[in-house]
Amino acid sequence: AKELGRDGIALFTSEMTAAVRKKLSRTDELRQAVLRDEFVLHYQPQVDVQTGRIIAAEALVRWQRPGEGLVYPGDFIALAEETGLIMPIGQWVLKTACRQARAWQDQGLRPIRISVNVSARQFQEERLIETVADALHEAGLDPSWLELEITESLIMKDLSGSIARMHELQKLGVKLAVDDFGTGYSSLSALKRFPLSRLKVDRSFIADIPHDADDMAITSAIISLAQKMGLEVVAEGVETEEQARFLIESGCNQIQGYLYSRPVEEERFSRLLEGNGCD
Ligand code: C2E
Ligand code: CA
Ligand code: CA
Ligand code: CA
């Protein structure tokens, strides 16, 4: 029994070691990626359904890992968050996105807002306000063109802290959107206290439209709620004409999804903007 026990422990330990080693090497690669500047932003348009024009771009980070091609955020953001590497990565994303927004304006293209995802750790970080202000200042971008997307579940983890933070950001002049709305169980009374400009209806509610009656009911309820509160609404993950039609009929202002465009590289986005009409 003693032998077995020892074996059991030995086995458990070596499995642990393998897992830990793998994670450490992945962390190491990610740290190298930060130093070597291996990240790139793709941009996905958000379209105003009334005018058919692009009004905003969501910046989405990718890791161009040598020999592996593009690595999507689902495969490294959680590790970045856990290890704190999200700080330098997030800072790079903010700077790059602000610079890009300004560059498009300088090209004489119709100005659009740039949306940047902010993770929990970034949002809680002491220096966030300074980081955002620096990125705007360096790029020469007016704060009103920047929108930060924070998830509903992040806000709900520390409601009063989040509200205070949101007010600080609002004072800076940036816009705030709640991402993945409908998945984080925020109470309606809490929502009223957020200094928000937009809600993003989570993709999971859009995916099964027009086949899932519950999702349709939830989606149109979120849209009318947002409207009553004076918020803009953008539906994410819109892939089909039918989904778009339902959303428009429900009063949704803006859509984002493969139907209009996948997230694309900077140059391709410029071309989309060039066809975007003028005032
Ligand atoms: P998210 O903020 O909910 O971003 C939307 C995700 O849905 C993106 O995936 C986008 O490519 C994808 N998407 C857009 N339209 C469609 C569609 O019509 N159908 C489907 N099936 N998918 C669509 P992506 O780029 O892989 O990003 C995944 C998540 O990673 C994001 O979810 C966001 O939470 C996170 N993320 C991305 N970039 C950053 C970043 O710079 N910083 C942080 N902290 N998180 C980021
Ligand atoms: Ca987002
Ligand atoms: Ca989202
Ligand atoms: Ca999502």
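The legends below describe close-up views of a predicted model.

In this model, local features need pLDDT of at least 70 and side-chain atom pairs count only at pLDDT 80 or more, while totals for chains, interfaces and linings use all residues. Residues are numbered from 1 along each chain as its sequence is written, chains are lettered from A and ligands numbered from 1 in the order in which they are written, and side-chain values use heavy atoms, with hydrogens and water left out.

**View 1**
Helices (H or I, at least four residues) and strands (E, at least two) are DSSP runs, numbered from the N terminus. Strand E6 covers residues 175-181, and five of its seven residues are buried, so E6 is largely enclosed by the rest of the structure. Buried means under 20% relative accessible area, exposed over 50%, and partly exposed in between (1.4 Å probe, protein chains only). E6 pairs in the parallel sense with strand E5 (residues 146-151) over five bridges; two strands pair if DSSP finds at least two bridges between them. Ala-177 in E6 is the bridge partner of Glu-149. E6 also runs parallel to strand E7 (residues 198-201), joined to it by three bridges. Here Val-178 stands opposite Leu-199 of E7.

**View 1. Strand E7 and its pairing with E8.**
E7 is covered on both faces. Arg-198 and Lys-200 lie on one side, Leu-199 and Val-201 on the other, and all are buried. Strand E8 (residues 232-235) runs parallel to E7, and four bridges join them. Ala-235 in E8 is the bridge partner of Val-201.

**View 2. Ligand 1 and the residues around it.**
Ligand 1 sits in the largest pocket. On a 1 Å grid over the protein atoms alone, a pocket is an open set of points with protein on both sides within 12 Å along at least five of seven lines. A molecule sits in a pocket if more than half of its atoms lie within 2 Å of the pocket's grid points. There are 22 residues around ligand 1, and Gln-44, Arg-62, Arg-203, Glu-239 and Tyr-258 come nearest; a residue is near a molecule if one of its heavy atoms lies within 4 Å of it. Strand E2 (54-65), helix H3 (86-106) and E6 each supply at least two residues of this shell, and E2 gives the largest share, four residues.

A polar contact is a pair of N or O atoms within 3.5 Å. A side-chain N or O atom of Arg-203 is 2.5 Å from an oxygen atom of ligand 1. For Asp-179, the distance from a side-chain N or O atom to a ligand 1 oxygen atom is 3.0 Å. A polar side-chain atom of Asn-117 also lies 3.0 Å from an oxygen atom of ligand 1. On its own, ligand 1 has 800 Å² of accessible area, of which the protein covers 82%; accessible areas come from the Shrake-Rupley method with a 1.4 Å probe.

The peptide bond from Ile-209 to Pro-210 is cis, with omega near 10 degrees. Pro-210 is found in the loop between helix H9 (203-206) and helix H10 (213-228). Asp-37, although not a glycine, has a positive phi of about 65 degrees, and lies in the loop between helix H1 (2-36) and strand E1 (39-48). Asp-180 is not a glycine either, and has a positive phi of about 55 degrees. Asp-180 lies in E6 and is partly exposed, with a relative accessible area of 24%.

Definitions and conventions: Polar contact = N/O pair within 3.5 Å; in protein donor to acceptor, adjacent residues only side chain to side chain. 1 Å grid on protein atoms, 1.4 Å probe; cavity = no way out; pocket = protein on both sides within 12 Å on 5 of 7 lines; lining within 4 Å.
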